[in-house]
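Colleague: Could you take me closely through the charged pairs in this protein, and then through the packing around them? I would like one connected account that I can follow with the structure open beside me.

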Amino acid sequence: MSDVPPSSIKMLDGAHDFALYHPTFVSTTTKHMAGKRGLDRLLDHSMRGAFHDSSDRYPPPRCHYDSRQELRKTITDWATGLSEASEKLLLWMHGPFGVGKSAVAQDSAEALAGLMKLAASLFFSRPNHRNNPNRIFTSIAYQLALRSPPLSDILDCIIMSNPTILTAALPIQFQELIVKPLLQLAQVTDLDGWTIILDGFDEIDGIDAQRDIINIIATSIRSRTTPFRWFILSRPEAHIQRAMRARNVTPLLHTLDLPLSPEKDHEILTFLTEEFKKIGEEHNLPASWCTEATFAILMKLAGGLWIYVNTITRFIGNAKSFGPQSQLRLVLSLEEKQMRTLATNPLAAMDLFYDLIVEQIPSDILLTARKILLLRDFVPEAFEILSIAHILQLSTEELSAACSFLQSVLFIANKEGHPSHIQFYHASFMEYARDPQRSKEFCIYGDILESVRLEVIERVNAVHSRSAGGSLNLNFTPWESSKPEDEAKTRKRDASIYFVMIYAMFKLCERRASPISPSTAAALQNVAFSYIPRFARGSGGVFFLVGYNSLRDNLPPEYHDKIIRKSTNPLHLNKKPGHPGNKLAFILGTAPNGLICWPNWDGSDIIQIEFREGEYMLYEMESSMTPDTEEIAVSKPTRVRTKPAPTQVSRQKRSRAQESSNKVAKGSGSTKKARLGAEQPDAVPNQARSSTKRSRKGKSAVP
């Protein structure tokens with residue numbers, strides 16, 4: 001029984017002596033979501049890739065069908081109210097790295113979905129960028145809407161009336177998107193006792209956020225504002241243990257320990273035996289290709305780690321090898337190395353295996369593989385593969401080929417038939433790759449950080465040089481085969497890739513305690529920062545943040561004020577629409593390519609670079625300005641709605657724009673106020689233009 005829709009569950013009433021092994025349940029409850037713009041916005045602010053049935057996680061980790069049956073029954077009994085521990089509505093299962101917590105969570109989610117008792121599920125992953133704390137309660141709310149049509153109607157109205165809820169603080173999100181909508185229902189019995197599963201809780205970004213979420217959940221359970229059970233799985237990190245042992249949490253909590261135990265080795269052996277049988281059949285190997293003695297060595301190497309045995313099976317089945325028998329000999333060679341290591345930490349065994357994997361990468365590909373992983377650590381998921389390929393000047397096929405040597409630990413996910421982003425099977429590999437003590441020469445933060453910085457900056461400057469005429473030009477020759485047919489989609493793709501490139505540039509440069517060389521700083525000084533808001537428009541983003549102190553501290557002292565500085569000009573106050581006016585502006589770069597921007601609301605040392613769709617202010621600087629004499633001549637800015645900029649501006653429009661510019665210049669006197677360039681949407685600062693040809697000190701342009 002592979003496909004059993006929820007509506008068919010009643011057909012199983014009275015049935016017995018049967019089992020469902022990882023069934024796929026096809027939901028028929030999504031029709032009520034169609035046409036609801038509020039719920040569309042809610043989905044946009046959710047982590048769809050973290051849901052238990054997401055294609056981003058396929059194939060998900062699962063327990064072997066014959067393993068951990070007692071543990072799975074314990075969890076199901078708790079969730080369905082059949083155990084003594086069911087009175088505790090918060091279940092925390094903890095265990096060390098690699099013991100298979102996510103597999104248990106996945107099996108539990110599928111089992112409860114089949115019983116119509118799964119309210120929501122989120123599988124967090126730091127290396128896969130599924131760990132944003134601000135999207136946890138929005139993701140839960142969206143899944144609740146899927147379960148309950150009346151609740152979906154309420155949520156749709158709430159969000160349409162106040163979309164800012166989606167970006168509110170966590171307690172407000174929980175109250176407005178979960179608690180209050182449930183209270184508006186006449187009854188909540190259809191969701192009463194359903195379970196919410198949060199796996200990989202320790203991978204949520206920020207220790208404070210993790211503690212806050214635990215407190216929000218505990219408060220809700222204690223005050224009975226929601227009807228749910230909560231199942232949290234994590235490593236036993238000290239701060240999570242303290243939060244769970246707090247006086248207000250302990251009475252609500254039931255704990256399960258998932259230790260690293262040799263007693264479970266028979267389950268691992270069963271899994272290995274069956275997986276090796278499949279590999280042998282696929283490659284026409286004799287049944288004796290893996291002996292009992294071989295399995296004994298593999299079991300010793302694994303040391304009870306499920307992540308180890310899963311990685312073994314992928315490594316031995318790697319198509320980029322001389323075959324399973326050759327790969328198996330490589331794995332068995334680790335026995336002697338592991339015996340020489342005196343460390344009892346499970347990471348030591350896993351690191352030896354990761355060393356073996358990266359040693360198989362050809363030397364001419366190794367540097368490229370490290371660069372890909374380094375960039376992957378900094379770029380958002382959207383258009384990830386295309387952006388990394390563009391920066392490194394690779395075709396997507398070449399990038400995929402480089403990654404194929406690491407297919408034991410990662411795979412490339414596809415979207416609409418094209419490679420989209422890199423997925424990791426387990427967070428431990430990127431933890432290994434980031435740590436120079438563990439990964440040594442393979443470390444992605446070793447000697448290549450500075451070279452990748454320079455490559456990104458040079459790519460940005462090359463794009464700006466090609467785009468000086470006013471239209472973004474990425475020069476996409478290597479990827480024309482995958483170019484969207486629709487021109488609007490092409491523009492959005494290019495804007496998104498440009499956004500990722502700029503984001504990566506800033507994040508690489510502001511990595512703490514990583515000094516930037518003078519040659520890289522010189523390249524960064526040449527960046528036309530004023531282009532950024534214009535060309536990033538249409539990417540789907542609204543803004544991104546830059547750390548002032550972290551970036552400036554990395555720069556050589558002689559480049560501090562040439563690249564980033566705080567404004568000393570009081571005229572900058574109150575020039576940003578809606579800004580309270582109590583913080584001075586920041587300046588990126590120097591004229592004619594400088595960009596005036598403002599602090600983020602959350603901190604005076606965080607810069608917010610905005611590029612709203614058809615609604616933003618871009619202030620350009622006069623070429624004669626210096627850090628000591630910087631000026632900006634702007635009138636009180638007004639928000640202007642504009643249509644997407646055409647690829648070219650007609651002569652007639654250029655003429656009208658020039659007439660308007662002359663009128664402003666003549667009427668502004670010594671103050672020389674800037675105008676809003678709505679009549680000249682394609683205007684881009686011309687680096688070659690002489691300051692003597694300018695008729696005013698500065699201008700502001702709306703693209």
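**Charged pairs and their surroundings**

Modeller: With a salt bridge taken as a side-chain nitrogen of Lys or Arg within 4 Å of a carboxyl oxygen of Asp or Glu, the count comes to 20 salt bridges, and please keep in mind throughout that this is a predicted model.

One of these bridges joins Arg438 to Asp351, with the closest N and O atoms 2.7 Å apart. This pair links distant parts of the chain, since Arg438 belongs to helix H19 (residues 436-439) and Asp351 to helix H14 (residues 346-359), 87 residues apart. Both Arg438 and Asp351 are buried. Another bridge is formed by Arg376 and Glu384, whose closest N and O atoms are 3.0 Å apart. Here Arg376 has a relative accessible area of 1% and is therefore buried, and Glu384 counts as buried because its relative accessibility is 0%.

The bridge between Lys566 and Asp605, with its closest N and O atoms 3.2 Å apart, connects strand E9 (residues 564-566), where Lys566 lies, with strand E12 (residues 603-610), where Asp605 lies, 39 residues apart. Lys566 is partly exposed, with a relative accessible area of 41%, and Asp605 is partly exposed as well, with 26%.

Turning to the nonpolar packing, the largest nonpolar core has 110 residues, of which Phe276, Tyr308, Phe353, Phe429 and Phe506 touch the most other members. The element that gives the most to this core is helix H21 (residues 487-509), with 11 residues. If neighbours within four places in sequence are left aside, Phe353 is in contact with Tyr308, Thr311, Ile312, Phe315, Val331 and Leu334. Apart from this core lies another, of 55 residues, including Ile154, Leu185, Ile213 and Met244.

Aromatic rings make pairs of their own, and the structure holds 24 of them. In one, Phe137 and Phe174 are edge-to-face, 5.0 Å centre to centre with 65 degrees between the planes; this pair links distant parts of the chain, from helix H4 (residues 136-147) with Phe137 to helix H6 (residues 170-184) with Phe174, 37 residues apart. Phe137 is buried at 0% relative accessibility, and Phe174 is buried at 4%. In another pair, the rings of Phe276 and Trp289 have centres 5.4 Å apart and planes at 15 degrees, so this pair is stacked. Because Phe276 lies in helix H9 (residues 265-282) and Trp289 in the loop between H9 and helix H10 (292-302), the pair ties together parts that are 13 residues apart in sequence. Both Phe276 and Trp289 are buried. Ring pairs also join Tyr354, Phe424, Phe429, Tyr432 and Phe442 into a cluster.

Finally, strand E1 (residues 90-94) is mostly covered, five of its five residues being buried. Leu90, Trp92 and His94 are on one side of E1, with Leu91 and Met93 on the other. E1 pairs in the parallel sense with strand E4 (residues 229-234) over five bridges, where Leu90 has Trp230 as its bridge partner. Five bridges also join E1 to strand E5 (residues 253-257), again parallel, and there the partner of Leu91 is His254.

Note on methods: Residues are numbered from 1 along each chain as its sequence is written. This is a predicted model: local features need pLDDT of at least 70, side-chain atom pairs count only at pLDDT 80 or more; totals for chains, interfaces and linings use all residues. Side-chain values use heavy atoms; hydrogens and water are left out. A nonpolar core is a set of buried Ala, Val, Leu, Ile, Met, Phe, Trp, Tyr and Cys residues joined through side-chain atoms within 4.5 Å. Buried means under 20% relative accessible area, exposed over 50%, partly exposed in between (1.4 Å probe, protein chains only). Helices (H or I, at least four residues) and strands (E, at least two) are DSSP runs, numbered from the N terminus. Contact means heavy atoms within 4.5 Å. Two strands pair if DSSP finds at least two bridges between them. Rings of Phe, Tyr and Trp (its six-membered ring) pair if their centres lie within 6.5 Å; planes under 30 degrees apart count as stacked, over 60 as edge-to-face and the rest as tilted.
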